[in-house]
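Here is a short briefing for someone meeting this structure for the first time. Please look over the sequence and the model before reading on.

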Amino acid sequence: MDIFDNDNDNNNNENQANIQKLKDLGVKVNECMLSQSVFFVGGLLIGTALGYRLKNYTPLIIGTGVGTGADYAYARLFKCKGLIDNYDKLKESINNPKLPDKNFDYDI
């Protein structure tokens, strides 16, 4: 009985460590995604200028919406791609313990 309890404790400790890594990596992904705001600012400035010139709010609303979408796409596809991929791999290894998790580099 003690052998099984010891293995269970080791697996539980390892699982808790992986869950903590997942939380930490999730915070890094969140910070990376939220740090991207260049296209939003560009859309805001262009939309404000066009809106002022046309005496209409529509270009401002469209500019900020398109800028926000572009920021999300750029962060997801380019800037934070490595972090997001590592997050997904770690999450999959936690959900499926048979996968080897030692081949992944979780710290970027």
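The points below go from the whole chain to single residues.

This is a predicted model, in which local features need pLDDT of at least 70, side-chain atom pairs count only at pLDDT 80 or more, and totals for chains, interfaces and linings use all residues. Residues are numbered from 1 along each chain as its sequence is written, and side-chain values use heavy atoms, with hydrogens and water left out.

**Overall build**

- The protein chain has four helices and zero strands. Helices (H or I, at least four residues) and strands (E, at least two) are DSSP runs, numbered from the N terminus.
- Along the sequence, the pattern reads α-α-α-α.
- The protein chain has 108 residues, and 23% of them count as buried. Buried means under 20% relative accessible area, exposed means over 50%, and partly exposed lies in between (1.4 Å probe, protein chains only).
- The accessible surface of the protein chain is about 8100 Å². Carbon and sulfur atoms hold 59% of that surface. Accessible areas come from the Shrake-Rupley method with a 1.4 Å probe, and for residues only the protein chains shown count as cover.
- Take the contacts in the protein chain with a separation of 6 or more: 68% of them join residues 24 or more positions apart. Contact means heavy atoms within 4.5 Å.

**The nonpolar core**

- The largest nonpolar core has eight residues: Leu25, Val29, Cys32, Met33, Ala75, Cys80, Leu83 and Ile84. Helices α1 (2–34) and α4 (81–95) each supply at least two residues of this core. The largest share, four residues, comes from α1.
- A nonpolar core is a set of buried Ala, Val, Leu, Ile, Met, Phe, Trp, Tyr and Cys residues joined through side-chain atoms within 4.5 Å.
- Leucine 83, one of the core residues, sits in helix α4. Its relative accessible area is 13%, so leucine 83 is buried.
- Leucine 83 and lysine 28 are 55 residues apart along the chain, and their C-alpha atoms are separated by 7.5 Å.

**The nonpolar surface patch**

- Phe39, Tyr74, Leu77 and Phe78 make a nonpolar surface patch of about 430 Å². Helix α3 (residues 58–79) gives the largest share of the patch, three residues.
- Patches are made of residues with over 30% relative accessible area and no salt bridge; like charges are joined within 9 Å, and nonpolar side chains (Val, Leu, Ile, Met, Phe, Trp, Tyr) within 5 Å.
- Tyrosine 74 lies in helix α3. Tyrosine 74 is partly exposed because its relative accessible area is 35%.

**Charged and polar pairs**

- How many salt bridges does a search of the whole structure find? The search finds one. A salt bridge is a side-chain nitrogen of Lys or Arg within 4 Å of a carboxyl oxygen of Asp or Glu.
- The side chains of lysine 81 and aspartate 85 meet in a salt bridge, at 3.3 Å from N to O. Side chains of opposite charge can pair when their charged atoms come close.
- Lysine 81 and aspartate 85 are four residues apart in helix α4, so about one helical turn separates them.
- Lysine 81 is partly exposed, with a relative accessible area of 40%. Aspartate 85 also counts as partly exposed, at 26% relative accessibility.
- Serine 93 is in helix α4. Serine 93 counts as buried because its relative accessibility is 8%. A polar atom of the serine 93 side chain lies 2.8 Å from the backbone oxygen of leucine 90.

- Leucine 34 is in helix α1. Leucine 34 is exposed, with a relative accessible area of 66%.
- The C-alpha atoms of leucine 34 and aspartate 71 are separated by 9.1 Å, and the two residues are 37 residues apart along the chain.
- Glutamine 36 is in the loop between α1 and α2 (38–54). Is glutamine 36 buried or exposed? Glutamine 36 counts as buried, at 11% relative accessibility.
- Leaving aside neighbours within four places in sequence, glutamine 36 is in contact with Asp71, Tyr74, Ala75 and Lys79.
- Lysine 55 is in the loop between α2 and α3. Lysine 55 is not a glycine, yet its phi is positive, about 55 degrees. Most residues other than glycine have a negative phi.
- Lysine 55 counts as exposed, at 70% relative accessibility.

How values were computed. Polar contact = N/O pair within 3.5 Å; in protein donor to acceptor, adjacent residues only side chain to side chain.
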